[in-house]
Amino acid sequence: MAEKWSGAVRVADLNDFIAPSQACVVNLKGQKQSEEEQQGQAKDGLVQIQARKIDFPQVRKAATDEAIKVSLHDCLACSGCITSAETVMLQQQSTDEFVQRLSSATQAVVVSLSPQSRASLATHYGITPLQAFRKLTGFLKSLGVRAVFDTSCSRDLSLLESCQEFVDRYRKAAGNSATKQGELPMLASACPGWVCYAEKTHGQHILPHISSTKSPQQVMGTLVKRHACYRLGLRPEDIYHVTIMPCYDKKLEAARDDFIFAVDPGGGTGDSGQAGPRVTEVDSVLTSGEILDLLESRGVDFAALEEAPLDLMLSSVDEAGHVYGVRGGAGGYLETNFRHAARVLFGQTVEGPLQMKTLRNADFKEVSLEVDGKRVLHFAAAYGFRNIQNLVRKIKQGKCEYQFVEIMACPAGCLNGGGQIKPRKGQTAKDLIQHLEAAYLHEVTVRDPADNPLVQELYRTWLGGPYSENARSLLHTQYHERERTVTASISNW
Amino acid sequence: MAVELINPNPVIHERKSKAHRLDLPSVHGDEDAAEEFDATEIFDHIRDITDPEHPYSLEQLNVVSEEAIMVDDKGSKVGIKFTPTVQHCSMATLIGLCIRVKLLRSLPPRFKVDINVAPGSHASEAAVNKQLNDKERVAAALENPHLVDMVEKCLASSEQ
Amino acid sequence: MPKKLTKPRPRARFYPYLIPAFYKISSYLTVLEVIHSEKEPAYVSPRCKKLNLYSEGATTLKKLHSGVTLTLRTRASDGGSSPGLKPARGAVLGGAQRPGMERGMGTFGGCPGLLQRRQDRESVGQRSRARHQMGLQGHPGGVAPPDSIWEQTGGEFECVASLEGHENEVKSVAWNAGGNLLATCSRDKSVWIWEAQPGNEYECVSVLQGHSQDVKMVRWHPTRDLLVSASYDDTIKVWAEDGDEDDWRCVQTLSSAAQGHTSTVWGVAFDSTGDRMVSCSDDLTLKVWDTHTDPTTSMGAGAGAWKHVSTISGYHERTIFSVDWSRMNGLIASASGDDAIRIFADDEEPPSTTGQPTFSQVAKKEKAHSTDVNCVRWHPTDPRLLASASDDMCVKIWELRGRSESFPNGGSANGSKDVHL
């Protein structure tokens with residue numbers, strides 16, 4: 001079980017993100033206990049796990065010999081858990097919970113599929129990503145899902161915000177030296193494994209360097225629950241948003257407190273004085289592997305499924321069926337930022353694939369831009385824990401020569417995430433990754449995020465432009481140093 | 001946010017009196033004779049340790065008892081089996097740590113102390129036992145200021 | 001109860017019994033007194049003390065045992081930080097002499113802060129890094145002590161590099177045979193491999209996360225780039241570089257299922273050729289493993305798979321903390337929480353019915369120290385000498401006497417006091 005989480009999270013000790021303590025009473029997000037729940041607690045010797053309101057799963061009462069099953073939401077919010085984080089059975093609960101939500105029909109279920117998971121499914125079944133997308137849409141809708149979207153769309157938004165943020169930082173760093181500290185190098189923030197590790201281990205040395213832009217998953221959450229829901233005729237609290245991602249760390253990200261917002265009861269997204277119900281942007285994350293389990297447990301012959309029409313509202317697919325995307329299995333942050341910065345800061349247009357230079361190992365690459373023989377931009381991509389280590393050490397010593405680094409916790413990037421579908425019998429991991437990389441861009445038209453009409457419309461009608469005030473309040477986040485909680489150390493010293 | 005206790009309604013026992021100790025002849029006898037350690041003496045050291053959760057001593061909660069202490073003075077060995085109040089008690093390791101620290105301070109260094117949970121009294125018995133008897137782990141725990149604070153609080157009543 | 005030897009005592013090459021050989025180095029005593037009276041907080045005191053002594057006395061020790069690798073285990077200390085707790089008892093610092101190189105020594109848990117303070121008194125130039133590290137050590141959050149690399153210049157060691165990365169205290173450090181790789185392990189369950197770069201720079205080559213619990217010790221194979229780690233999770237893992245993946249990975253796990261240990265494995269040691277390995281554990285046994293019984297299976301770095309060949313049990317009564325296999329005389333020394341040091345030898349008689357080698361105890365020293373013996377190490381070139389370290393704050397040098405040899409009273413050279421640390 002431990003191997004599923006990224007190396008960075010494992011080193012930082014998963015227990016610190018899911019703090020155990022004495023009692024597991026779900027006390028999530030400021031909601032009060034109801035009467036009957038309070039009565040239930042007085043039993044001696046047994047630990048009660050209470051269910052709260054409609055948002056949270058009905059979890060069985062703990063009997064002394066029954067394994068306690070809790071969902072990640074409960075864990076992260078609550079101060080108490082009997083079992084250690086690594087033995088908490090997250091997987092099974094997630095898919096079960098998903099199916100339960102669908103059948104209970106109290107909320108509309110919306111699913112967002114990541115392109116890496118799409119590639120993983122496609123490679124596993126030997127079909128194209130577009131086919132996989134259509135078939136999965138058909139399957140999920142047959143279960144009762146309201147809409148299936150593609151996070152490539154929210155990724156474009158995230159990329160644009162990130163580019164603008166970089167340019168802003170670059171200018172600040174080049175200018176007045178008072179604000180120089182912590183501006184550069186800018187470190188990509190899309191990987192929650194990296195972010196969690198940085199918060200836990202490096203604190204203020206590193207956090208100011210991490211880009212404030214939300215990851216594509218969270219931007220999707222914002223889009224769905226703060227904008228698109230109204231177009232679907234729903235209120236934010238009526239939607240149960242599920243994302244399908246290539247790793248387990250995304251589950252940790254979805255459950256962060258920073259991504260909970262209070263719905264404005266008057267409609268719209270401003271915060272008026274009244275606080276409405278508190279809602280989280282992404283309710284649940286399933287991994288590619290979990291989706292595969294779901295399909296297999298139902299005996300579905302995926303390759304033979306009918307292809308359903310796609311929901312174009314929030315997908316990077318046009319009516320003719322062309323899929324759009326960006327190069328780079330980890331989201332393309334390096335690529336996009338590099339080209340954008342070259343253009344905006346130096347007036348250079350970089351055509352064709354970037355000339356990356358491999359350093360210590362295949363997961364550590366750099367690229368630079370030279371103008372008139374002088375190197376003006378020096379970017380890098382560092383995947384995997386050992387490279388992160390070396391990079392962070394350099395940053396702490398002040399010896400980092402890069403202005404931007406795309407940091408990812410998994411070697412070989414998101415396509416190799418812990419939640420991706422495993423290689424087939426006889427297939428090596430390396431082989432699979434090569435297939436995935438090919439599938440990722442198979443029949444995909446590479447398009448600059450700024451050219452995405454959806455994105456253009458969103459900026460025009462809702463956000464007001466990249467890195468604008470509105471965009472910054474909705475599409476950016478912050479990071480907090482995490483201390484080891486007392487309760488975490490009580491039993492596990 | 002109110003933290004729920006693991007065991008909100010523990011059973012409290014009476015505190016055994018110490019009166020019988022005064023009758024021992026060695027108190028009035030040869031001052032230089034080395035007194036052999038016995039279970040009673042060890043028990044005296046640990047009986048008043050406060051439970052981390054409740055304002056009662058370990059004796060009163062029947063976590064430790066004189067019968068569960070084994071002492072071999074000649075072989076310099078002490079074995080203690082304590083019973084956590086609840087099967088899933090996550091304080092078990094902390095209680096064990098308190099007992100160990102108290103004995104570290106109270107016994108001569110020649111003693112080898114083994115602290116275990118009473119067989120069958122805890123869900124993760126083997127893991128807890130292993131943790132309590134690994135001296136590197138114990139030493140590392142005692143470098144954690146939070147834990148040291150908690151241990152000191154529990155031992156405060158016992159130091160009198 | 002120790003098991004009685006069921007076979008007649010083997011006619012060993014020598015008929016050993018141990019006599020402690022005492023060495024006097026007066027400067028040690030002086031420094032010790034000063035440290036005790038200063039009542040330093042825990043993170044400064046025991047570990048620093050050892051490092052301090054080691055570095056100060058390094059040349060002296062080197063004269064006695066040229067090139068000795070005093071690889072002593074560290075023990076996280078208790079005491080000092082909280083009034084009322086006793087000062088740490090004999091936490092001994094670890095250090096490993098870099099093979100073939102006079103200069104480089106990797107240590108861990110060191111508190112160069114104290115080194116700096118001592119240097120203050122002597123008005124020796126300070127290293128800015130030492131100062132920096134002292135700041136780190138003093139962090140209230142209890143920052144894990146970084147690895148330190150020390151370089152010896154003319155009789156003094158000075159810290160030239162500090163490697164951070166581990167989340168908790170570093171338990172063990174080891175240089176590989178070639179001296180270019182450094183392995184470290186920690187309570188945070190990971191094993192890190194660092195590579196020395198020019199200019200005293202060290203880069204992390206790999207972070208190995210296979211163990212499910214604290215890693216107690218790491219040791220390199222004497223000739224190949226094969227790393228072995230021992231852990232609280234009862235297993236021994238063998239790590240090698242995987243050319244394909246361009247990274248290191250675990251090539252074998254020796255667990256209880258493979259006749260491995262049933263409790264925490266505290267240490268491992270290789271014999272002189274590296275074909276055999278012995279491990280010691282909390283389960284009161286020593287286990288011997290062999291790799292050349294099955295040369296067909298390759299496990300990476302050109303070595304075969306490890307198989308269990310012998311278990312030595314029934315001797316020690318408490319956890320065996322350390323084991324070492326002499327390169328010179330092929331004897332295995334073990335140190336235990338029962339205060340004893342025991343020596344074992346390969347019987348080298350015709351194989352018993354199982355076809356496996358057997359080992360028996362050829363010497364023992366009960367009450368070698370007044371409390372737990374944490375570490376034993378053989379002298380790399382003198383087959384008679386053995387060093388041991390203990391919670392009683394002593395390092396003792398032992399001499400193995402053979403029937404055919406006799407030595408002047410009091411052992412060799414230097415006189416009559418314990419080396420106190």
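Within chain B, in which helix is confidence lowest, and in which strand is confidence highest? In this predicted model, the lowest confidence in chain B belongs to helix α5 (residues 145–156), with a mean of 91, and the highest to strand β3 (residues 112–117), at 95. The legends below take up the views in turn.

**View 1. Confidence in the predicted model and in chain B.** The model as a whole scores ipTM 0.84 and pTM 0.75. Chain B has a mean pLDDT of 84, with 83% of its residues reaching 70 or more. Residues 19–28 of chain B, by contrast, stay under 50 in pLDDT, and the model has 8 contacts beyond four places in sequence for this stretch. Where pLDDT is low, the predicted coordinates should not be read in detail.

View 2. An unreviewed UniProt entry gives the annotation "domain: MIP18 family-like" to residues 41–117 of chain B. In the model, this span is 27% helix and 21% strand, and its end C-alpha atoms lie 20 Å apart. Asn62(B) is found in the loop between α1 (39–46) and β1 (69–72) of chain B, and has a positive phi of about 60° although it is not a glycine. Most residues other than glycine have a negative phi, and most peptide bonds are trans.

**View 3. The interface of chain A and chain C.** Here 20 residues of chain A are in contact with 20 residues of chain C, and the area buried between the two chains is about 1,700 Å², of which carbon and sulfur atoms give 33%. The rule finds 8 residue pairs in polar contact across this interface, with both residues at pLDDT 80 or more. On the side of chain A that touches chain C, the elements giving two or more residues are α1 (7–11), α8 (192–202) and α13 (385–397) of chain A. Helix α13(A) provides the largest share of that side, with 7 residues. Sorted by class, the side of chain A that touches chain C has 9 charged, 6 nonpolar and 5 polar residues.

**View 4. Salt bridges between chain A and chain C.** The count of salt bridges between chain A and chain C is 6. Arg360(A) forms a salt bridge with Glu195(C), and the closest N and O atoms of this pair are 3.0 Å apart. Side chains of opposite charge can pair when their charged atoms come close.

**View 5. A salt bridge within chain A.** Over all chains, the structure holds 49 salt bridges. In one within chain A, the side chains of Arg118(A) and Asp150(A) meet at 3.4 Å, N to O. This pair links distant parts of the chain, with Arg118(A) in helix α5 (residues 115–125) and Asp150(A) in strand β2 (residues 147–150) of chain A, 32 residues apart.

**View 6. The cis peptide bond and the annotated domain of chain A.** Leu184(A) and Pro185(A) are joined by a cis peptide bond, for which omega is about 0°. Pro185(A) lies in the loop between α7 (152–174) and β3 (186–187) of chain A. For residues 426–483 of chain A, an unreviewed UniProt entry records the feature "domain: Iron hydrogenase small subunit". Over these residues the model is 52% helix and 5% strand, and the end C-alpha atoms are 44 Å apart. Chain A averages a pLDDT of 79, and 77% of its residues score at least 70. Over residues 18–89 of chain A the pLDDT is below 50, and this stretch has 149 contacts in the model beyond near neighbours in sequence.

View 7. Residues 163–204 of chain C are 0% helix and 57% strand, with end C-alpha atoms that lie 9 Å apart. Residues 208–239 of chain C are 0% helix and 50% strand, and the end C-alpha atoms of this span are 9 Å apart. The average pLDDT of chain C is 65, and 55% of the residues score at least 70. Residues 1–97 of chain C have a pLDDT below 50, and in the model this stretch has 263 contacts beyond near neighbours in sequence. Residues 403–421 of chain C also stay under 50 in pLDDT, and for them the model has 43 contacts beyond four places in sequence.

Note on methods. Residues numbered from 1 in each chain as written. Chains lettered and ligands numbered in written order. Heavy atoms only, no water. Contact = heavy atoms within 4.5 Å. Buried area = accessible area lost by both parts, 1.4 Å probe. Salt bridge = Lys/Arg side-chain N within 4 Å of Asp/Glu carboxyl O. Polar contact = N/O pair within 3.5 Å; in protein donor to acceptor, adjacent residues only side chain to side chain. Helix = DSSP H or I, 4+ residues; strand = E, 2+ residues; numbered from the N terminus. Nonpolar A, V, L, I, M, F, W, Y, C, P; charged D, E, K, R; others polar. pLDDT = per-residue confidence, 0-100. UniProt positions renumbered as here; feature names shortened; annotations may be inferred.
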